[in-house]
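Please read the numbered points with the sequence and the model at hand.

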Amino acid sequence: MIPLIGYGDRLSVRPGETIEFKVSSQNSAPFEASLVRIVCADPNPAGPGIQEVPVAADFTGSYPSRAQAVASGSYGRVEAGGPLGRLDDLTLVATIWPTTPEAGEQGVLARFDPESGTGFALALGADGSATAILGQVSGAPLRLSVGKRLAPRTWTRIWASFDRAQGRLVVGQTPVRPDPFVDRSGSAERAVGAAAATDGDCPLLIGALGGRPVTGHFNGKIEAPAVFGRALEAGEAAAAGAGEAVAGLVSRWDFAQGISGTKIVDTGPAGAHGTLVNMPARAMTGASWDGRETCWRHAPEHYAAIHFHDDDLTDCGWDTDFAFTVPEGLASGVYGARLVCGAHQDTIPFVVCPPKGSRAADLCVVIPTFTYVIYGNHARTDYGPDWHARAKAWNGYPWNPADHPEYGLSTYNFHSDGSGICHASRLRPLITLRPGYHCITEARGSGLRHFQADTHLLAWLEAKGYAFDLLTDEELHREGVAALEGYRTVMTTSHPEYHTAQTLDALERYRDGGGRFLYMGGNGFYWRVALHEEAPGVIEIRRGEGGIRAWAAEPGEYFNAFDGAYGGLWRRSGRAPQALAGVGFSSQGLFEGSYYRRAAGASDPRVSWIFDGVEDEVLGDFGLSGGGAAGYELDRVDRRLGSPEHTVILASSEGHSENFVLVPEEQLTHVTTWTGDPPQDLIRADMAFFEAPNNGAVFATGSITFCGSLLHDGGDNNISRIIANVLDRFLDPDARFDVPG
Ligand SMILES: [Fe+2]
């Protein structure tokens, strides 16, 4: 565990609202908390350096240290009692698709207390086969296994029954589709005394064994777990698992119901509904899925499975150490709750927005918190000792998520069972969201992405004297275009990649209502995400079908559970980024920046003012991100994908290394591309402009490394000048942007 770390219960807050901070300190001495405003989060000594300004706040002071534990792993929880609490004879049944049958004992359906050893459980045993666990009045619980390890990622019905009068314990397993080469079905039986203690005084868990904290997490999918109040014969148990009516049913949880929620519905007479903890994945294909439907809303009975993981984590649930009610008058900006304890320190960033319905500036910068959270705790494959060497040399943030999976990894990583992580949450420490954290150890610049890279833009705005308010994706999602009303100009930061329909709608309506919009990054407006209705702060991403993907969603699992929408690229839902911002993702390479060359269109009087004071043909061949303004992830104009006909290409990048490739959706075969052009022609960033309705306008940079060039040479450079020209015109109430023709 990291010795001093915490999180806030939200990432953005308006004056009058309260943010609660939850801290885990492994130290004995108290920790000090104070407020800072974060101007720049770049630790690179060759750049502006970390800039934080102390701000008075009522929470400033000393707080007792206490360690707060992280209990990861998802499961379903059903409170004990009712008919479930008084069973002398019983059978537990489930259909499972284990992903790590080799990984040791995993609870499937359990009312079991590992501490006292009492209760009854159906589990995967240490040998990977169906296992019954029976508590004893005295002594260790009995375990009875079939003895044939289940095949991973195949559906199997398993059951365990206990007949008290006959003193008989039985366990069995049978594959839903038998393997023609290996017989994996079987059962085991054992005579046991009547001294069994089946009534663990604990909740019934699905996908874990029990205990405090809960242990014995199951990896894989579970469908239709059920409890019967008598000992079923093997044939009956298999039939019950297949959903046939079998006498004696007490509870049967139907995961096809309420797929978008966190509740699990008991369709049995007990009506013992339950709750999911740590958000396992729903809308997962079940044992009966046959490909006839790929949308769970059309055939929910084919999606009656939940995928549990031993490392799911959506809410650490820590206690609050201190809270901050933002006073009226605190300027909008990026702030941090700064914690210090001896040699340890931590800063928890959050965004202060202006009061709802008011604004303090004509310019609004939208902080892409959805993207920050989706990337939160990204353990990178290029991480290694050189990362630590650089963090140390630059006195940067010293912790890396690759060393600390206990806080939950990102949706760019895999679960311990090899499945892609499709949920992200901010209700946990986000190691990557810290001032001074560097992402990539690169040769020519700071190697920053996301929050830290975005402070290059914010520090530049401040240095140039542009007043600005901040909003985040959450305000756009909740409040829509109303959140942006009145701003003369709205700008993004370097990588606004993840969007809901609501955030895209807000930006599009703002633009079409006469707004002036600067898209300052690359690979923006790319993936479609969903927020959970009942769990604020939890975001879902399905990496379906195509795109630059860290993992691939399984067949039949492309639709979001949270909102039922078709997940994956917005392009696949008819909203390519070009339709909003004029440019969209085309090429990706290593974290290297190149330059733009001014295009013929730049001399058009409609746009030539953008280059006032810029004589150079070559633009941005410098910068703190990869050494150049056009790099890493490149967007280009494509009219077929929605760039308006009258879009002007101001400049295009060139000189990219051979490691830059087309994104998969642009490359159709080994020799053909989406546009029909040679691949090399599509590996470019387009700096673009177009007029929008009602005197609006859009400027796009087309590159994720662009903002890293703004501060070069003390902010006196051609990239800085171009953005200042655009901002000055966009902020001018008298400026005219008439759509030509
Ligand atoms: Fe990205």
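Throughout this note, a residue is called buried when its relative accessible area is under 20%, exposed when it is over 50%, and partly exposed in between, using a 1.4 Å probe and protein chains only. The model is a predicted one, in which local features need pLDDT of at least 70 and side-chain atom pairs count only at pLDDT 80 or more, while totals for chains, interfaces and linings use all residues. Residues are numbered from 1 along each chain as its sequence is written, and side-chain values use heavy atoms, with hydrogens and water left out.

1. The iron site. Three protein donors surround the iron ion at 1.9 to 2.1 Å: Tyr375 through OH, His495 through NE2 and Glu497 through OE. Donors here are N, O and S atoms within 2.8 Å of the metal (3.2 Å for Na, K and Ca); water is not among the atoms, so sites may look incomplete. Along the chain, the donors are spaced as Y-x119-H-x1-E. His495 has a relative accessible area of 2% and is therefore buried. Glu497 is likewise buried, with a relative accessible area of 2%.

2. Helices (H or I, at least four residues) and strands (E, at least two) are DSSP runs numbered from the N terminus, and two strands pair if DSSP finds at least two bridges between them. Strand S3 (residues 18-25) pairs with S23 in the antiparallel sense over four bridges. Ile19 has Phe324 in S23 as its bridge partner.

3. Trp159. This residue belongs to strand S13 (residues 156-163). Trp159 counts as buried because its relative accessibility is 4%. Contact means heavy atoms within 4.5 Å. Leaving out residues up to four places away in sequence, Trp159 touches, among others, Thr91, Leu92, Val93, Leu122 and Gln173. From Trp159 to Pro536 there are 377 residues in sequence and 37 Å in space, C-alpha to C-alpha.

4. Helix H10. The end C-alpha atoms of H10 (residues 718-730) are 18 Å apart, in agreement with the 18 Å that its 13 residues should span at 1.5 Å a residue; the expected span is 1.5 Å times one less than the number of residues. Ten of the 13 residues of H10 are buried, so the helix is largely enclosed by the rest of the structure. Among the buried residues of H10 are Asn718, Ile722, Leu727 and Phe730. At the start of H10, a side-chain oxygen of Asn717 comes within 3.0 Å of the backbone nitrogen of Ile719.

5. Thr489 and its contacts. Thr489 lies in strand S29 (residues 489-491), and it counts as buried at 0% relative accessibility. Apart from residues up to four places away in sequence, Thr489 touches Leu727, Phe730 and Leu731, among others. Both Leu727 and Phe730 are buried residues of H10.

6. Pro64. The loop between strand S6 (61-63) and strand S7 (75-78) holds Pro64. With a relative accessible area of 60%, Pro64 is exposed. Setting aside neighbours within four places in sequence, Pro64 is in contact with Pro30, Phe31 and Asp321. Phe31 and Pro64 are 33 residues apart in sequence, with 6.3 Å between their C-alpha atoms.

7. Backbone details to inspect. Most residues other than glycine have a negative phi, and most peptide bonds are trans. Arg212 and Pro213 are joined by a cis peptide bond, with omega about 0 degrees; Pro213 is in the loop between strand S16 (204-206) and strand S17 (220-228). Met279 has a positive phi, near 50 degrees, in the loop between strand S20 (274-277) and strand S21 (281-284). Asn694 also has a positive phi, of about 60 degrees, and is placed in the loop between strand S40 (686-692) and strand S41 (696-700). Which of these residues counts as buried at 8% relative accessibility? That residue is Met279, whereas Asn694 counts as exposed at 58%.

How values were computed
Polar contact = N/O pair within 3.5 Å; in protein donor to acceptor, adjacent residues only side chain to side chain.
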